[in-house]
Amino acid sequence: MPEKAFQDFYPDDVSHCYGCGRLNAQGLQIKSFWDGAESVCHFRPRPYHTALPGYVYGGLIASLIDCHATGTAAAARHREEERAMGTEPPLRFVTASLHVDYLAPTPIDTVLELRGRVREIKGRKVSVAVTLSADGSLCARGDVVAVQMPPDWVEKLKLKGSRGPGVKGSSEKHPDSE
């Protein structure tokens, strides 16, 4: 049986992020897993993720690094607390800081590999270094500080029942839909 991705453990009420939300039908829906001490994610860009013909636009690269890092932060916190992912209370992280260095043009016609390494866990903050490679060549490097959402935020989201347009279960239509 295949391993379950970090993002697949997020509670439904916090699973609609454009980059990593499994319930966002228009989103990227990235999947991150442990590979020893590192986290790994593979993503194939679509033709509409283009900057210049043949290359990925930088915003996608930043989104991938961001969401892979916050997923890694959640998984690392679970490991630190010796808890299985998906146990209560949920540990969900959001971005406090994102820095990306673009090192080389990123080809669009191949699977991209992201690798994350936890640098530090301190209080509610987790610092994660991420690399993004294409065909074995390093294209971008990112540093993310992720902060754990306070439990009352998750509870407030549950009470609101907010899903937003384009999210499975939402009664709102996406602005681009008919």
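This tour moves through a group of paired strands and then to one residue of a helix.

The model is predicted: local features need pLDDT of at least 70 and side-chain atom pairs count only at pLDDT 80 or more, while totals for chains, interfaces and linings use all residues. Residues are numbered from 1 along each chain as its sequence is written, and side-chain values use heavy atoms, with hydrogens and water left out.

Select residues 32-35, strand β1, together with residues 38-43, strand β2. Strands here are DSSP runs of E with at least two residues, and helices are runs of H or I with at least four, numbered from the N terminus. The two strands pair (DSSP finds at least two bridges between them) in the antiparallel sense over four bridges. S32 lies opposite C41 of β2, and D35 faces E38. Between the strands of this hairpin are two residues, and G36 has a positive phi near 70°.

Finally, select helix α1, residues 58-80, and centre on T70. T70 counts as buried because its relative accessibility is 3%. Its side chain reaches the backbone oxygen of C67 at 3.2 Å. Beyond neighbours within four places in sequence, T70 is in contact (heavy atoms within 4.5 Å) with Y10, R92, F93, V94, T95 and A146.

Notes. Buried < 20%, exposed > 50% of the residue type's maximum accessible area, 1.4 Å probe, protein only. Polar contact = N/O pair within 3.5 Å; in protein donor to acceptor, adjacent residues only side chain to side chain.
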